[in-house]
Amino acid sequence: MRGLSRALDLVSGAVIAVAGVALVALVAMMGWAVFGRYVMNDTPTWVERGATLTIVAIALPVAAVGVRERFHLSVLGIRESLPRAWQRWIAIGCDLAVGAFGLGMAVWGHELVVMVAPFKVPLLGISQAWTYWPLVLSGGLTAVFALEQVVLGLIRTEGPEQRGVTAAFLE
């Protein structure tokens with residue numbers, strides 16, 4: 001399991017690194033749009049669509065990393081009010097549900113990719129499939145990262161980490 005976790009650490013780090021580069025590209029695109037509009041008086045029309053694609057390419061894979069790193073949004077009040085033994089199983093069930101959702105994103109996102117591949121994105125001239133590839137990637141990563149959390153939850157004998165109201169009182 002440690003080898004798999006190390007490999008997923010590398011994948012997670014790569015996703016964050018690529019997202020960082022994409023964020024720099026997004027800032028450059030927006031800077032070019034402002035320069036084009038106010039200095040050259042000729043707004044580049046491709047920037048808005050390119051920025052939208054870049055935002056999707058940043059947000060979705062990073063959300064998948066959030067499943068692994070546990071920085072995603074979660075509501076823990078009910079789970080943490082239950083007995084400690086139940087909390088573990090509730091957490092595993094939630095991870096299973098998130099993994100199933102990620103798998104659905106990947107499978108049906110791929111259907112979208114195949115369906116729209118022949119069409120071009122206006123102003124960019126690239127295949128519309130590029131709009132949905134981040135959905136496929138994010139869904140696959142979410143499923144894999146959630147599965148890792150399920151396995152880790154089954155291996156651990158103690159309950160899940162306390163991150164909600166209970167954790168606030170422990171500090």
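The following legends describe close-up views of a predicted model of one protein chain.

**Figure 1. Overall view of the helical chain.** The secondary structure of this predicted protein chain consists of 6 helices and 0 strands. Read along the sequence, the pattern is α-α-α-α-α-α. Of the 171 residues, 35% count as buried. The protein chain exposes about 10,600 Å², of which carbon and sulfur atoms supply 72%. Among contacts between residues at least 6 apart in sequence, 72% join residues at least 24 apart.

**Figure 2. Confidence along the chain.** The mean pLDDT of the protein chain is 88, and 89% of its residues reach 70 or more. Over residues 164-168, by contrast, the pLDDT is below 50. Beyond near neighbours in sequence, this stretch has 6 contacts in the model. Where pLDDT is low, the predicted coordinates should not be read in detail.

**Figure 3. Helix α2 and its surroundings.** Helix α2 comprises residues 46-69, 24 residues in total. From its first C-alpha to its last, the helix reaches 35 Å, close to the 34 Å expected at 1.5 Å a residue. The buried residues of α2 are V47, G50, A51, L53, T54, I58, P61, A64, V65, G66, V67 and R68. The cover over these buried residues includes α1 (2-38), α4 (84-116) and α5 (129-155). After α2 comes R70, whose phi is positive, near 65°.

**Figure 4. Nonpolar patch on the surface.** W32, V34, F35, Y38, V39, M40, W46 and L123 form a nonpolar patch on the surface. Together these residues have about 850 Å² of accessible area. Helix α1 gives the most to the patch, with 4 residues. One of the patch members, V39, is placed in the loop between α1 and α2. V39 counts as exposed because its relative accessible area is 57%, which is over the 50% cut-off.

Figure 5. R68 is found in helix α2. With a relative accessible area of 9%, R68 is under the 20% cut-off and is therefore buried. Leaving aside neighbours within four places in sequence, R68 is in contact with S5, L8, D9, S12, F145, E148 and Q149.

**Figure 6. Salt bridge between R68 and E148.** E148 has 3% relative accessibility and so counts as buried.

**Figure 7. Network of salt bridges around R68.** D9, R68, E69 and E148 are linked in a network of salt bridges. For the model as a whole, the count comes to 4 salt bridges.

**Figure 8. Salt bridge between R70 and D95.** The side chains of R70 and D95 meet in a salt bridge, at 2.9 Å from N to O. R70 lies in the loop between α2 and α3 (77-81) and D95 lies in helix α4, so the pair ties together parts that are 25 residues apart in sequence. R70 is partly exposed, with a relative accessible area of 21%. D95, in turn, counts as buried at 7% relative accessibility.

Key:
Residues are numbered from 1 along each chain as its sequence is written. This is a predicted model: local features need pLDDT of at least 70, side-chain atom pairs count only at pLDDT 80 or more; totals for chains, interfaces and linings use all residues. Side-chain values use heavy atoms; hydrogens and water are left out. Helices (H or I, at least four residues) and strands (E, at least two) are DSSP runs, numbered from the N terminus. The expected span of a helix is 1.5 Å times one less than its number of residues. Buried means under 20% relative accessible area, exposed over 50%, partly exposed in between (1.4 Å probe, protein chains only). Contact means heavy atoms within 4.5 Å. Patches are made of residues with over 30% relative accessible area and no salt bridge: like charges are joined within 9 Å, nonpolar side chains (Val, Leu, Ile, Met, Phe, Trp, Tyr) within 5 Å. Accessible areas come from the Shrake-Rupley method with a 1.4 Å probe; for residues, only the protein chains shown count as cover. pLDDT is the predictor's confidence in each residue, from 0 to 100.
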